[in-house]
Each structure stands twice: as structure tokens, then as C-alpha cells.
Amino acid sequence: MKKIICKREYDTETATLVKKRTFGRFGDPEGYEECLYKTPGELFFIYGIGGEKSPYPVENIKSMSKAKAEQWLAQQ
């Protein structure tokens with residue numbers, strides 16, 4: 001997926017996957033997956049996708065600061 005946010009391109013095809021988290025099971029309407037990516041330009045973003053009752057009922061990309069990415073990585 002590719003998305004432009006504040007004139008910056010975030011693309012799962014060209015970025016490096018740092019970590020993936022899965023919540024729930026496949027087919028669970030509340031289940032979802034979050035993937036933290038790092039772009040070649042040192043930008044971070046979350047790619048999320050999930051069921052219709054999840055935080056990601058449609059696939060989405062959210063940009064984040066390096067500090068927020070480090071906090072996300074520290075969560076279990």
C-alpha cells in the first residue's frame with residue numbers, strides 16, 4: 001500500500017518491515033494486524049488492516065515519529 005501524508009510518501013513496497021503484531025485470529029471482526037515500517041529516508045509508519053469492528057476496518061497507513069515508533073516497539 002502507498003499513501004501520501006504531508007507531501008511524504010509512505011510505501012510498504014519500498015520500506016523495511018521492522019515488526020508485525022497480530023491481535024485476534026484471522027476472520028475475527030475485532031482482530032487486526034499492525035506492521036511498523038521504516039522508509040529509506042528514516043521515516044516511520046504503521047500499516048494496519050483488520051476486521052470490520054477493529055481499529056483498521058479498511059487498510060490504512062499512519063505516520064509516526066521515531067520516539068513514537070520506539071514506544072510502539074517497547075509495548076508487548
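Where is C6 found? I looked there to begin. C6 is in the loop between β1 (2-5) and β2. I note that this is a predicted model.

**Entry: backbone angles**

I checked phi at C6. It is positive, about 50°, although C6 is not a glycine. Is C6 buried or exposed? I read a relative accessibility of 72% for C6, so it counts as exposed. The cut-off I used for exposed is over 50%.

I then turned to E42. Phi of E42 is also positive, near 70°, and E42 is a residue other than glycine. I placed E42 in the loop between β4 and β5.

**Entry: P40**

I stayed with the loop between β4 and β5, because P40 lies there too. P40 has a relative accessible area of 66%, so I put it down as exposed. Which residues does P40 contact, leaving aside its neighbours within four places in sequence? I found T14 and A15. I also looked at P40 against R25. The two are 15 residues apart along the chain, and their C-alpha atoms are separated by 32 Å.

**Entry: aromatic pairs**

I looked up ring pairs next. A pair of aromatic rings is described by the distance of the centres and the angle of the planes. How many aromatic pairs does the structure hold? I have four.

One of them is Y10 with F45. Their ring centres are 5.5 Å apart and their planes stand at 75°. Edge-to-face needs an angle over 60 degrees, so I call this pair edge-to-face. The pair links distant parts of the chain. I found both Y10 and F45 buried.

Y32 and Y56 form another of the aromatic pairs. I read 5.7 Å centre to centre and 50° between the planes, and this pair is tilted. It too links distant parts of the chain, 24 residues apart. Y32 belongs to strand β4 (residues 32-38), while Y56 sits in the loop between β5 and β6 (60-64). Y56 has 4% relative accessibility, so I count it as buried. The limit for buried is under 20%.

Which residues form one aromatic cluster? I noted Y10, Y37 and F45.

I also found a charge over a ring. The charged end of R21 sits over the ring of W72, at 3.8 Å from the ring's centre.

**Entry: S63**

I went on to strand β6, where S63 has its place. S63 has 36% relative accessibility, so I count it as partly exposed. What does S63 touch, not counting residues up to four places away in sequence? I listed I5, Y10, F44 and F45. Two of these names, Y10 and F45, are the partners of the edge-to-face pair above.

**Entry: the largest pocket**

I finished with the largest pocket. It holds about 220 Å³ of space. How many residues line it? I have 15. R25, F26, G27, G31 and G50 lie nearest its centre. The elements giving two or more residues to the lining are β3 (16-23), β4 and β5. By class, I noted five nonpolar, six polar and four charged residues in the lining.

Technical notes
Residues are numbered from 1 along each chain as its sequence is written. This is a predicted model: local features need pLDDT of at least 70, side-chain atom pairs count only at pLDDT 80 or more; totals for chains, interfaces and linings use all residues. Side-chain values use heavy atoms; hydrogens and water are left out. Rings of Phe, Tyr and Trp (its six-membered ring) pair if their centres lie within 6.5 Å; planes under 30 degrees apart count as stacked, over 60 as edge-to-face and the rest as tilted. Helices (H or I, at least four residues) and strands (E, at least two) are DSSP runs, numbered from the N terminus. Buried means under 20% relative accessible area, exposed over 50%, partly exposed in between (1.4 Å probe, protein chains only). A charge sits over a ring if NZ of Lys or CZ of Arg is within 6 Å of the ring centre and within 35 degrees of the ring normal. Contact means heavy atoms within 4.5 Å. On a 1 Å grid over the protein atoms alone, a cavity is a set of points where a 1.4 Å probe fits but cannot get out, and a pocket is an open set with protein on both sides within 12 Å along at least five of seven lines; lining residues have an atom within 4 Å of a point. Grid points are joined across faces, edges and corners, and a volume is the space filled by probe spheres set on the points. Ala, Val, Leu, Ile, Met, Phe, Trp, Tyr, Cys and Pro count as nonpolar, Asp, Glu, Lys and Arg as charged, and the others, Gly among them, as polar.
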